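I begin with a term that the later points rely on.

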Amino acid sequence: MPARSATPLKQIRPARARADAADGGTTQRIVDAITTAIVERRLMPGTKLAEQKIADLFKVSRTLVRQALNQLSRDKLITLEPARGARVAMPSVDEARQVFEVRHMIEAALVRRAAGALDAAQLAALRAHLAAAQEAVLRTDVTGRTRLLADFHVVLARMLGNEVLAELLADLVSRSSLISLMYQSAHSAEHSFEEHVAIVDALERRDARAAVRLMQSHLRSVERNLQLDPRVPDLAGARPAHA
């Protein structure tokens with residue numbers, strides 16, 4: 001399928017660079033763009049990430065691209081192999097279970113604290129986030145709803161003012177999105193949205209026990225949709241043709 005050979009990397013949307021961006025900022029811009037493409041299901045597991053094509057896309061040197069790929073590899077979003085280069089990671093079943101085990105531990109504590117810490121303005125911001133997610137669900141905006149439903153967890157973490165926690169959760173949520181691409185059965189976005197609404201309702205009531213129960217139930221629901229055999233029908237279309 002020659003016509004599709006360049007398609008996957010075209011799904012990466014570079015953010016606009018600032019004129020004064022240093023090399024570190026440019027590297028992070030590449031990392032963020034590739035991470036977003038993975039989370040929004042525009043780059044599938046197994047997709048080859050060619051250094052030169054990424055360099056051309058971002059109009060940067062291959063050195064900066066290599067730095068970005070190394071960071072993504074440390075974050076477990078891609079794999080780097082000698083002679084084969086970089087590819088979007090294909091997490092194992094054991095890794096999938098471990099990621100969700102960690103999320104259970106972290107997010108239970110997160111909502112327990114949030115139930116007593118969020119003020120009226122923060123709760124209103126959460127409601128606005130939910131409204132945007134609902135709109136994306138209703139218009140069948142797969143990219144938008146995937147991003148917004150995943151971001152809900154990170155937005156909640158940032159409201160507690162702990163950036164280390166937010167960054168850790170952002171990494172776990174990104175890896176969860178990648179895992180879902182491979183192992184998730186037909187996923188109901190509407191159901192996830194409704195579970196998020198119930199969590200915010202409990203936070204607004206300052207009911208920590210209910211918030212923890214609802215968050216754990218939500219994560220179990222997502223986890224139950226994971227299948228042992230990877231979901232790969234779309235990979236052939238997403239992966240570049242072999243030379």
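1. A residue counts as buried when its relative accessible area is under 20%, as exposed when that area is over 50%, and as partly exposed in between. Please keep in mind throughout that this is a predicted model.

2. By that criterion Arg127, at 28% relative accessibility, is partly exposed, and Asp201, at 29%, also counts as partly exposed. Asp201 forms a salt bridge with Arg127, in which the closest N and O atoms are 2.7 Å apart. Because Asp201 belongs to helix 9 (residues 189–204) and Arg127 to helix 6 (residues 120–138), the pair ties together parts that are 74 residues apart in sequence.

3. Arg103 and Glu107 are both buried, and they form a salt bridge whose closest N and O atoms are 2.7 Å apart. Both residues lie in helix 5 (residues 93–117), where a separation of four residues amounts to about one turn of the helix.

4. Helix 8 (residues 163–183) reaches 30 Å from its first C-alpha to its last, close to the 30 Å expected. Because 15 of its 21 residues are buried, helix 8 is largely enclosed by the rest of the structure. At its start, a side-chain oxygen of Asn162 comes to within 3.1 Å of the backbone nitrogen of Val164.

Technical notes:
Residues are numbered from 1 along each chain as its sequence is written. This is a predicted model: local features need pLDDT of at least 70, side-chain atom pairs count only at pLDDT 80 or more; totals for chains, interfaces and linings use all residues. Side-chain values use heavy atoms; hydrogens and water are left out. Helices (H or I, at least four residues) and strands (E, at least two) are DSSP runs, numbered from the N terminus. The expected span of a helix is 1.5 Å times one less than its number of residues. Buried means under 20% relative accessible area, exposed over 50%, partly exposed in between (1.4 Å probe, protein chains only). A polar contact is a pair of N or O atoms within 3.5 Å; within protein, one must be able to donate a hydrogen and the other to accept it, and residues adjacent in sequence count only if both atoms are side-chain atoms. A salt bridge is a side-chain nitrogen of Lys or Arg within 4 Å of a carboxyl oxygen of Asp or Glu.
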